[in-house]
Amino acid sequence: SGLVEWVSPNNFYGYTNFMLYVSDGIEKDSININFKVHPAINLLSCDTSFIIQPGNLFTAPFQPSPTYIFNQYSYSLINAPKNMHIDLNGNITWTPIPSQVDNHIFTVKVEDGTTETELEASIYVNSPPIISSNPPTTTFINQEESFSYALGSYDANENAKLSWYLVDGPEGMWMDSTGILTWTSNSLDYI
């Protein structure tokens, strides 16, 4: 049938050639086939998922592994957020602004003139939650009187799931996961 299969050995690059011929038992014809085996660009060792905050500098390397000294790589970004840059060595830098919260999916493209590869990455820009409504720093209540306050919060991220936790407080004080703080004073105290 004339089918020829060959898999280049691992870590082999460069030139090789093959000579093939076909014969009918009387005459033959031959052909030389030259191969240039070029290494693939491998970005699989690069991290692809990140979480940062607005205003913080983000940096990440996106270099192939392994690299070959005979290759000159060029790097580009596809669908990257505004102000994200990649330098000549494959290092990404970006400082997101407050309006750039939530998830950003982009692609890093690496080329060497013969082959190319793309790697999808994502950065979640997390805006920290802010307590927007809280009780006065000093609140007076009578002994055995109940205190309840619904704390308010704000988070610029879309679909942020906020949970509240009481870190420290007097005995019997508790807070539910929605931010309602409740306490019944059981003794004279100053907190």
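Three strands form an open sheet in the order β4-β7-β6, with antiparallel pairing. Two strands count as paired if DSSP finds at least two bridges between them. The strands themselves are DSSP runs (E, at least two residues), numbered from the N terminus. β4 (58-61) and β6 (85-86) stand at the edges with a single partner strand each, so one side of each lacks a neighbour in the sheet. β6 and β7 (residues 91-94) run antiparallel and are joined by two bridges. Here I86 stands opposite I92 of β7.

The model is predicted: local features need pLDDT of at least 70, side-chain atom pairs count only at pLDDT 80 or more, and totals for chains, interfaces and linings use all residues. Residues are numbered from 1 along each chain as its sequence is written, and side-chain values use heavy atoms, leaving out hydrogens and water.

N157 lies in the loop between β12 (152-154) and β13 (174-175). N157 counts as buried because its relative accessibility is 4%; buried means under 20% relative accessible area, exposed over 50%, and partly exposed in between (1.4 Å probe, protein chains only). Its side chain makes two kinds of approach to the backbone. A polar atom of the N157 side chain lies 2.8 Å from the backbone oxygen of V125. The N157 side chain also reaches the backbone nitrogen of S127 at 2.6 Å. Residues touched by N157 include V101, D102 and Y124, not counting residues up to four places away in sequence. Contact here means heavy atoms within 4.5 Å.

W6 lies in the segment before β1 (14-23). At 37% relative accessibility, W6 counts as partly exposed.

Note on methods. Helices (H or I, at least four residues) and strands (E, at least two) are DSSP runs, numbered from the N terminus. A polar contact is a pair of N or O atoms within 3.5 Å; within protein, one must be able to donate a hydrogen and the other to accept it, and residues adjacent in sequence count only if both atoms are side-chain atoms.
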